[in-house]
Amino acid sequence: MNIHSIGISHHTAALDVREKMWLSVDETREALRQLKQRYFTECMLVSTCNRTELYGLTLDVQIDDEEVKRFLIELKNAGGVVQPEHFTASFAGGAVNHLFKVASGIDSMVIGDIQILNQVKEAFQLSREIEVMGPVMNRLMQTTLHVGKRTRTETTICEGAVSVSYAAVELANKIFEDLSRKSALLIGAGETGELTMKHLVSKGIGRVRVANRTRGKAEALVANLGVDGSVVEYEHMVDALRTVDIVITSVNSPSYIVQPDDVHKVMKQRSNNPLFIIDIGVPRNVNPAVKKIDNVFLYDMDSLSAIVDKNLDRRKAEIPKVTRIIREEMVEFFHWHNSLQVGPTIHDLRDALETIRQQEVEKNINRFNPEDRELVELVTKRIVNKILHQPVTNLKHGAENGSRGSETIFRIKALRELFGIGEPKKREHEN
Amino acid sequence: MDLVAAVEFLVVFIPVLYAGLVILYGLSFFRSIPLADRWKSPLLHVSVLFHIGYILLRTAAFDHPPVTTVFEIMTLLAASISVGYTYIELRTKASNTGFFILLLALVFQTVSSLFIKDLTEIAPILRSRLLGFHVSTALLGYTAISLSAVYGFLYLMLYHEIKSSRFGLIYTRLPNLEMLEKMSHKAELFGFWMLTIAIAVGLIWLPRAFENFSYWDPKLIGTLFIWVLYAVGLTAKRKLGWQGRKTMIISLVGFGFVFLSMTVINMYLSGFHTFY
């Protein structure tokens, strides 16, 4: 299995180094064409903000990783910033393992990041489009996507919000049944506040309201959010608490802008309907005593960060499960790959024996009477077939049923060495 | 086939089934063990069938439906709770509350199995049609009240967990607060009206059926007290805008009294409502 992986990622290189190696779709296309010409029979390139990685299959094991690294650096003209030391390289099982780890999200900067699987999928598709894929990489792609799918369905590594704004949305979903019937109010215009509001919109919040000291900003944001929304005068924002279900405060203010008395009053007016307040302001915008009021759920940056930390720990705890899936899929993949080599080996062995038979028959055919010659041909063919029958059956059987891929590889190697039939030719990849 | 022998086997076997169910649902909820996830619902369906079979066999073997003693009623209640839960699970596709609800069914069934007696002789008074109506409405009412209490309990646990920012299993596995409150409230409302009918029918039927009938009977006072409690709770929700925690606490307290009424009053303060 001559699969190589050579690449640069967040493990080995800082952002300013990684961004130098980032490849656009067009650049990727060009790079793949050249890589195929120079080094690989099949290849693909994954390029995201966290990694640029090359996966390639060679017919000849003797490929110089260093040369490929230099080629990639030169391709991006990044000689000054990117060094070969920023790259990591692995081979055969190591390369497949690495690809599976990447696709399952356990190699990501934020563990369990699901975006990466789509990016890997797109990379495969691009390679297919420009025809630098072959049967081995195709199969590898299927298995990789399968690893990703199994990871998502069989583990919880992708679950739980890992950013403060998502954590807030997740909480909203634990309090309210149907966000499309709820409304949210954003007070202030901090970046995280806006992001949280956008997440709520993407989760289908029914109505949005925005209050800002500068009315123009509020209007712009409402227009930008693209849902049923309106602007609330900043001075009237406490009154607005009567009619909304979720409040995000993100105001730069030295004192609390919402006090327990305000909320007590509001809760009576809203017949105690649950009120979820997300205080993203630093210093805090809402008096923490508000938390004690019945049916009011108040969260600040600290408590949201605590959720994020907890979720990250939970994701980490899922890694062993993912590793097990990867191992299972690797066994499956290599099993397939071994069986791929059995066919050509049997073919080559038959060829070799047939050649010997033909040579010997030709050499000695004159010693037989003309009427017996046809029989000689028949008998020798039968002998060769009988000799081949048992080893061929065993070899096929081993590859089809045995999960121990190393055993099959060993047999193939031994057979080729003993009979002197050399390495499989290109034909294997067309099987 | 010996009917009585079959019933005697099932008396022991049904609680064992429920214990198995509670263990499976528990393993699924607390440990997310795939095997438990896979088998809990099939086992639930099998158990419900066995339980219904048990009730039918009992009726045949002792020549009366099991409605004449509190322990007979308790097995009906357990069956009714698990049938109700099966319906909820099939409809909402959410099986994460099963552990808590079936735990309740297990408690009722175990108490029933421990004390139930094989009565063949029953008072002729208990063969009235009005009694059947009284018992079935009371049963539906208590089932709904039990479910309401479990959802109320889950609401309070989740409420507490969200309020105190401790995001454990309860937080991860349970549905949202609004849904739990809605389920609890709907069940409570249904339970309340069923109970109202049961009480009304009882009050019409009692003076005719019993000579020693008294309005100061502990069971009657207890039940009326429970009814008033729920009436106050439901009115407070409607008129005073009580929401969330407070209404859930009322639902739980109400259930506490129901349980007391079924056990302590029926067993120790014997009045006309005990028949054995």
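Biologist: What is the bridge partner of Cys43(A) in S3(A)?

Modeller: The partner is Gly56(A). This is a predicted model, where local features need pLDDT of at least 70, side-chain atom pairs count only at pLDDT 80 or more, and totals for chains, interfaces and linings use all residues. Residues are numbered from 1 along each chain as its sequence is written, chains are lettered from A and ligands numbered from 1 in the order written, and side-chain values use heavy atoms, without hydrogens and water.

Biologist: Why are S2(A) and S3(A) called paired?

Modeller: Pairing takes at least two bridges found by DSSP. S2(A) and S3 (51-57) share six, in the antiparallel sense, so they count as a pair. Strands are DSSP runs of E, at least two residues; helices are runs of H or I, at least four; both are numbered from the N terminus.

Biologist: What is the strand order in the open sheet of chain A?

Modeller: The order is S2-S3-S1-S4, with antiparallel pairing. S2 (42-47) and S4 (88-91) of chain A each have a single partner strand, so one side of each lacks a neighbour in the sheet.

Biologist: What makes Phe71(A) in H3(A) "buried"?

Modeller: Buried means under 20% relative accessible area (exposed is over 50%, partly exposed in between; 1.4 Å probe, protein chains only). Phe71(A) is listed as buried, so its value falls under 20%. Val68(A) and Leu72(A) are among the other buried residues of H3 (65-75).

Biologist: Which elements do the buried residues of H3(A) pack against?

Modeller: They pack against S1 (3-9), H1 (15-21), H2, S3 and S4 of chain A. Contact means heavy atoms within 4.5 Å.
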